[in-house]
Amino acid sequence: MQITEHYRDLIRRGELKNGDRLPSARQLVTEWGVAHATAAKVLTTLRSEGLVTTTSGGAGGTVVSVQDLREVGYAPRDRMLAVRRWGRIYPPGEYARIVSAEMSTAPDHVADALGVDPGATVIRRQRVTYHNDTPVSASTSWFPGALAEVVPELLATDRIPQGTAGVIEQRSGRTMSQGRDGISAALADTAVAAKLDVPVGSPVLIGRNWVRDGSGEVIEYGEWTSRPSRWATYDYELG
């Protein structure tokens, strides 16, 4: 799983592009110190996910083959892990525009999610993510109002290079250490259709996420919507 995630990330980030060759199973055995069966399973898994294909002939092997990288989505978990691993959130070709960043009165469900009093003043930050200038997802993040004084960057529409998780940790000392995501299917309403440039009533993926610090307090609550065909993929172990 670790080796598979390594190459999956390289493909998502654009460091391995369509047509680029992956190491052979024999090379993976040498580089990673694993059994041949494990190395072969890595390539099989990537192939089953539609990220690579096997070619034949003299120059045969396993090469990256993704029909449309817009389908390889970044869910909240992926963004958080990208900051930890690589120091940046989005892969090449993707970027976000912050469309608003302001103090706002928390709706009841947001107050519940953040663990603050109903009607409390909180930070609301809205963004649209693009892949090669095509909108692929829209999201809103909510933060406790107390962070406004400590992390003023959350109230600016400028992009935060290290991401909200990075700047919050840097300014407040609170580390985002646990996350929980929920996803569902829905139909695009007028507002979502306008943000994602899809027809009203299009099938979309919607989600919400909670991020907690080491003491279990919610630092961020988010809601997001993604275009059709954009996958949110999670790996897990059964033990």
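Trainee: Where does Asn-132 lie?
Mentor: Asn-132 sits in the loop between strand S4 (121-131) and strand S5 (134-144), and Asp-133 is in the loop between S4 and S5 too. Strands (E, at least two residues) and helices (H or I, at least four) are DSSP runs, numbered from the N terminus. This is a predicted model, where local features need pLDDT of at least 70, side-chain atom pairs count only at pLDDT 80 or more, and totals for chains, interfaces and linings use all residues. Residues are numbered from 1 along each chain as its sequence is written, and side-chain values use heavy atoms, leaving out hydrogens and water.

Trainee: What is the phi of Asn-132?
Mentor: Most residues other than glycine have a negative phi. Asn-132, not a glycine, has a positive phi of about 50 degrees, and for Asp-133, also not a glycine, phi is positive at about 70 degrees.

Trainee: Is Asp-133 buried or exposed?
Mentor: Exposed means over 50% relative accessible area, buried under 20%, partly exposed in between (1.4 Å probe, protein chains only). Asp-133 counts as exposed because its relative accessibility is 57%, and Asn-132 is exposed at 52%.

Trainee: At what angle do H1 and H3 pack?
Mentor: Two packed helices are described by the angle between their axes and the distance between the axes. Axes are lines fitted to C-alpha atoms, for helices over the stretch in contact (heavy atoms within 4.5 Å), and angles run from 0 to 180 degrees between N-to-C directions. Helix H1 (residues 2-12) and H3 pack at about 45 degrees, axes 9 Å apart. The contact involves Ile-3, Thr-4, Tyr-7 and Arg-8 of H1 with Val-42, Thr-45 and Leu-46 of H3.
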